[in-house]
Amino acid sequence: NRSDRPRLLVGGSPSSSGTVETEISKTRIVGGEDARFGKWPWQASLQMGALGHVCGASVISNRWLVSAAHCFLDSDSLRYEEMTLFQSICSLITLQITLNNLQRIIVHPQYDQSVSDYDIALLEMETPVLFSELVQPICLPSTSRVFLYGTVCYVTGWGAIKENSHLAKTLQEARVRMINQSVCNKLYDDLITSRMLCAGNLNGGVDACQGDSGGPLACTGRSNRWYLAGIVSWGEGCARRNRPGVYTKVTALYDWIRHNTN
């Protein structure tokens, strides 16, 4: 949870700010800033009834989005029939898709809630999305693509600005760096599998948080194209020292994504 294990907060009672605080945490960006209008056109928001925003997602084609499995399968997570998908740019909603427009939700068959392994889900839309300047897909990195340690990437979302805080009203972005896998594995007592990667700042202060789950970790590649390197998955707290964000590693699951999305 983005604050203890998957970063998903579901099923609590409204706080004084009108948002929901619950035991499993959703992640929101800590140490970030408001995103410029139209800057992250693949960012989507999964919303549920009175709870509003509960998870992020990324547009990867005109029919498919990718998110985190724990947004759908963990105890107290989203009830499909009440879920609505909004593709939003900052606070402006440019595309609204109700669950009726979702043909399928495919959760990875090896998803393991106890350790957050294979934390990925695919959402297929019944009707293709029309791309525009404000709605664009993010590229998928193939199995062979390597994001070197120290690479600067961006995590985006509407999650909390600090642990157990209210959600953001405007889409947030934060600059994070890829962290060495073995270093991260030591920090997290050997819980980091080959389907995970770590990014953030070992000194703390910048991270995803509750409400950011399922959203993108985007890195640039050749020709300044943006690639979906990771999916916000879990972490211990938000922006704590030596507790970087843990993301589902998209290159490790590229073949599964391709197989299921044709």
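**Salt bridges in a predicted model**

Okay, let's start with a pair of side chains: glutamate 173 and lysine 39 meet in a salt bridge, at 3.2 Å from N to O. Glutamate 173 sits in strand β12, residues 172–179, while lysine 39 is in the loop between β3 (33–34) and β4 (43–48), so this pair ties together parts that are 134 residues apart in sequence. Keep in mind that this is a predicted model.

So, buried or exposed, what about glutamate 173? Glutamate 173 counts as buried, at 5% relative accessibility. Lysine 39 is partly exposed, with a relative accessible area of 25%.

Next pair. Arginine 104 and glutamate 124 have their side chains in a salt bridge too, at 2.8 Å, N to O. Here it's strand to strand: arginine 104 is in β9 (residues 102–107) and glutamate 124 in β10 (residues 121–125), so the parts tied together are 20 residues apart in sequence. Arginine 104 is partly exposed at 37% relative accessibility, and glutamate 124 is buried at 8%.

Then there's glutamate 236 with arginine 243, a salt bridge at 3.1 Å, N to O. Both ends are partly exposed: glutamate 236 at 31%, arginine 243 at 21%.

Zooming out, the structure holds 5 salt bridges. The protein chain has 3 helices and 16 strands, and 58% of its 262 residues are buried. Of the contacts between residues at least 6 apart in sequence, 70% join residues at least 24 apart. Accessible surface is about 11,000 Å², with 46% belonging to carbon and sulfur atoms.

Methods:
Residues are numbered from 1 along each chain as its sequence is written. This is a predicted model: local features need pLDDT of at least 70, side-chain atom pairs count only at pLDDT 80 or more; totals for chains, interfaces and linings use all residues. Side-chain values use heavy atoms; hydrogens and water are left out. Helices (H or I, at least four residues) and strands (E, at least two) are DSSP runs, numbered from the N terminus. Buried means under 20% relative accessible area, exposed over 50%, partly exposed in between (1.4 Å probe, protein chains only). Contact means heavy atoms within 4.5 Å. Accessible areas come from the Shrake-Rupley method with a 1.4 Å probe; for residues, only the protein chains shown count as cover. A salt bridge is a side-chain nitrogen of Lys or Arg within 4 Å of a carboxyl oxygen of Asp or Glu.
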